[in-house]
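Please read the report below alongside the sequence and the 3D structure.

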Amino acid sequence: MALQDFRPMMERCSNCLNCRWIPFDKVKSQRFGENCPSIVYNNFMTYSARGRFQLAQTILDGDADYSEAVVDVIHNCTTCGSCDATCKVCRYNLEPLEHNIELKVSAVEKGKILPRQAEIMKSLKAEQTMVTGKAKANRGDWAKGIKVKDLFKDKAEIAFYPGCKYSYDEKLQQVARQSLQLLLDAGADVGIMGSGDSCCAGRALHMGFREEFNDRADANIKAFQAAGVKTIVTPCSDCYGTLKREYAKKGMDIQVLHVVECLDQMIQAGQIKFTKSVPLTVTYHDPCHLGRLGEPYIPWNGEEKKILNQVHTWEPKRPRNHGILGVYDAPRRVLAAIPGVKLVEMERIREYAWCCGAGGGCSETYPEFSAFTAGERITEANTTGAEALVTACPWCESNFANAVDENGKSIKVLDIIELVSQAL
């Protein structure tokens with residue numbers, strides 16, 4: 001959809017401000033009742049989903065242009081989708097997330113981009129990764145020493161897709177190695193693309209670079225199809241959400257699983273048996289792209305209609321992506337199965353979880369805003385009394401690793417794969 005196609009939604013937004021809060025029946029305290037990092041940090045209505053609807057309408061009407069202040073509002077969004085999930089709880093079925101992305105696309109098409117974005121896109125085009133300063137030739141180094149099929153030479157049922165962060169971040173590579181080894185040890189027919197692997201480009205789309213996303217997505221879909229795989233397994237939640245929804249929109253018909261879903265299945269089937277106790281009280285952070293942005297894509301082809309020129313509806317009925325069909329139970333079942341691990345929940349969980357702050361490229365383009373957002377989650381985690389914060393996404397883990405709460409206190413950050421490996 002082009003920006004002008006969202007005009008009916010811009011006009012229909014009732015200013016209910018559900019986009020600022022988690023649903024009121026889910027609020028456990030005023031301190032952790034808000035849901036949009038952008039408006040909490042900037043404390044100005046234009047940074048909310050409602051404000052961005054108004055901003056876009058003002059641009060379309062010719063009453064505003066892409067000034068420095070306007071561009072800041074447009075890009076200062078983690079595209080976490082929390083506003084989208086809460087908007088659909090009320091009687092409306094607007095698309096604030098798609099609109100926010102389209103607003104970014106419109107700015108990019110006008111050449112209104114941030115300096116750091118230009119560097120990231122240069123890396124994506126030259127080295128097929130959004131992790132700057134890394135070479136494509138070294139992309140497969142994370143898997144050195146692991147005996148696994150090369151999908152360019154051998155056939156396999158499953159493609160293991162680590163994603164950029166796990167491929168290049170030496171502090172996190174062990175998680176990708178452990179994930180792959182767990183699959184191999186369970187007898188899975190799995191292969192990798194090694195240095196021929198490339199970025200899913202989901203973050204490019206969420207930064208507004210739709211053309212660059214389409215180029216990489218089309219190339220990746222062709223590669224997966226040529227490999228003949230039936231399933232793609234990834235330990236990266238960003239990749240999971242992109243492959244699960246955005247690639248499906250482009251016609252990719254290949255099953256996509258996060259590795260935590262595979263672990264859950266293998267534990268229940270008795271393929272993984274724990275032999276050690278891990279005495280640790282943890283709290284779990286739901287990654288946005290594994291949770292509310294990881295819902296299955298349901299195609300819809302219809303039109304907007306009005307009954308008696310007043311009541312708005314869609315024909316046929318349009319799906320509502322509330323975020324409830326994301327991956328929430330699998331990681332919690334895995335944690336419950338690990339001897340010694342005790343899970344204590346934060347106030348904002350599942351489809352209403354607070355973002356880690358890394359999304360939309362903000363960890364690179366707005367580091368202070370990103371650190372604030374991560375710090376808010378660390379504050380919430382520390383109120384549970386947990387000894388460690390566990391997640392299932394490298395971007396979340398990386399962003400939390402250097403964050404502190406409002407009292408300057410940090411918390412140990414672990415990937416769920418690390419806990420599983422410790423208990424084997």
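Helix α16 is mostly covered, with twelve of its 16 residues buried (buried means under 20% relative accessible area, exposed over 50%, and partly exposed in between, with a 1.4 Å probe and protein chains only). The model is predicted, so local features need pLDDT of at least 70 and side-chain atom pairs count only at pLDDT 80 or more, while totals for chains, interfaces and linings use all residues. Residues are numbered from 1 along each chain as its sequence is written, and side-chain values use heavy atoms, with hydrogens and water left out.

Helices (H or I, at least four residues) and strands (E, at least two) are DSSP runs, numbered from the N terminus. Among the buried residues of α16 are Phe369, Ile378, Glu380 and Asn382. The elements that cover the buried residues include α2 (37–42), β6 (280–284), α15 (362–365), β10 (388–391) and α17 (394–401). The length of α16 (residues 367–382) can also be checked: at 1.5 Å a residue, its 16 residues should span 22 Å, and its end C-alpha atoms are 22 Å apart, which agrees. The expected span of a helix is 1.5 Å times one less than its number of residues.

Next comes a pair of helices. The axes of α11 (residues 210–227) and α12 (residues 237–249) come within 11 Å and cross at roughly 100 degrees. That makes α11 roughly perpendicular to α12. Angles of 65 to 115 degrees count as roughly perpendicular, under 35 as roughly parallel, over 145 as roughly antiparallel, and the rest as oblique. Axes are lines fitted to C-alpha atoms, for helices over the stretch in contact, and angles run from 0 to 180 degrees between N-to-C directions. Contact means heavy atoms within 4.5 Å. On the α11 side, Phe213, Arg216, Ala217, Asn220, Ile221 and Phe224 meet Thr242, Leu243, Glu246 and Tyr247 of α12.

How many disulfides does the structure hold? The structure holds zero disulfides, a disulfide being a pair of cysteine sulfur atoms within 2.5 Å.

Most residues other than glycine have a negative phi, and most peptide bonds are trans. Asn43 is not a glycine, yet has a positive phi of about 55 degrees. Asn43 is placed in the loop between α2 and α3 (49–60) and is exposed, at 62% relative accessible area. Gln128, also not a glycine, has a positive phi of about 60 degrees, and its place is the loop between α7 (115–127) and β1 (149–150). A cis peptide bond joins Glu315 and Pro316, with omega about -5 degrees. Pro316 lies in the loop between β8 (311–315) and α14 (329–337).

Two further residues remain. Gln178 lies in helix α9 (residues 173–185) and is buried, at 18% relative accessible area. Not counting residues up to four places away in sequence, Gln178 touches Ile417, Glu418 and Ser421. Ser195 is found in the loop between β3 (190–192) and α10 (202–206) and is partly exposed, at 38%. Leaving aside neighbours within four places in sequence, Ser195 is in contact with Lys136, Ala137, Arg139 and Gly140.
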